[in-house]
Amino acid sequence: MKRSILLSVVLVPMMVSAMSLTEAVKKAVETHPQIEMKKEDREAQKKLLPKA
């Protein structure tokens, strides 16, 4: 009995909060700190380029 309650407490939130692979990748790209740093680096490099 305790085991089934524990499983339901663990598994139900996982199923409810499940997202598609596309959503997971999009969220990772939007929020990952290293990706954010690369975006900022790219923007800084753009500013250093001469305007043509």
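Which helix holds both Glu-43 and Lys-46, and how many residues apart are they? Both lie in helix H3, three residues apart, which is about one turn of the helix. This is a predicted model, in which local features need pLDDT of at least 70 and side-chain atom pairs count only at pLDDT 80 or more, while totals for chains, interfaces and linings use all residues. Residues are numbered from 1 along each chain as its sequence is written, and side-chain values use heavy atoms, with hydrogens and water left out.

The protein has three helices and zero strands, and its elements run α-α-α from the N terminus on. Helices (H or I, at least four residues) and strands (E, at least two) are DSSP runs, numbered from the N terminus. Of the 52 residues, 0% count as buried; buried means under 20% relative accessible area, exposed over 50%, and partly exposed in between, with a 1.4 Å probe and protein chains only. The protein exposes about 5300 Å², of which carbon and sulfur atoms supply 67%. Such areas come from the Shrake-Rupley method with a 1.4 Å probe, and for residues only the protein chains shown count as cover.

Helix H2 (residues 21-31) meets H3 with axes that come within 6 Å and cross at roughly 60°. The axes are lines fitted to C-alpha atoms, for helices over the stretch in contact, and angles run from 0 to 180 degrees between N-to-C directions. H2 is therefore oblique to H3; angles under 35 degrees count as roughly parallel, over 145 as roughly antiparallel, 65 to 115 as roughly perpendicular, and the rest as oblique. On the H2 side, the contact (heavy atoms within 4.5 Å) is made by Ala-28, Val-29, Glu-30 and Thr-31, and on the H3 side by Pro-33, Ile-35, Glu-36 and Lys-39. These residues divide into four nonpolar, one polar and three charged. Ala, Val, Leu, Ile, Met, Phe, Trp, Tyr, Cys and Pro count as nonpolar, Asp, Glu, Lys and Arg as charged, and the others, Gly among them, as polar.

Glu-36 and Lys-39 also form a salt bridge, with the closest N and O atoms 3.4 Å apart. A salt bridge is a side-chain nitrogen of Lys or Arg within 4 Å of a carboxyl oxygen of Asp or Glu. The two residues lie three apart in helix H3 (residues 33-48), about one turn of the helix. Lys-39 is partly exposed at 28% relative accessibility, and Glu-36 is partly exposed with a relative accessible area of 28%.

A search of the whole structure finds three salt bridges. Glu-43 takes part in one with Arg-42, at 4.0 Å between the closest N and O atoms, and in one with Lys-46, at 3.6 Å. Through these shared partners, Arg-42, Glu-43 and Lys-46 join into one network. Each member counts as partly exposed: Arg-42 at 48% relative accessibility, Glu-43 at 36% and Lys-46 at 45%.
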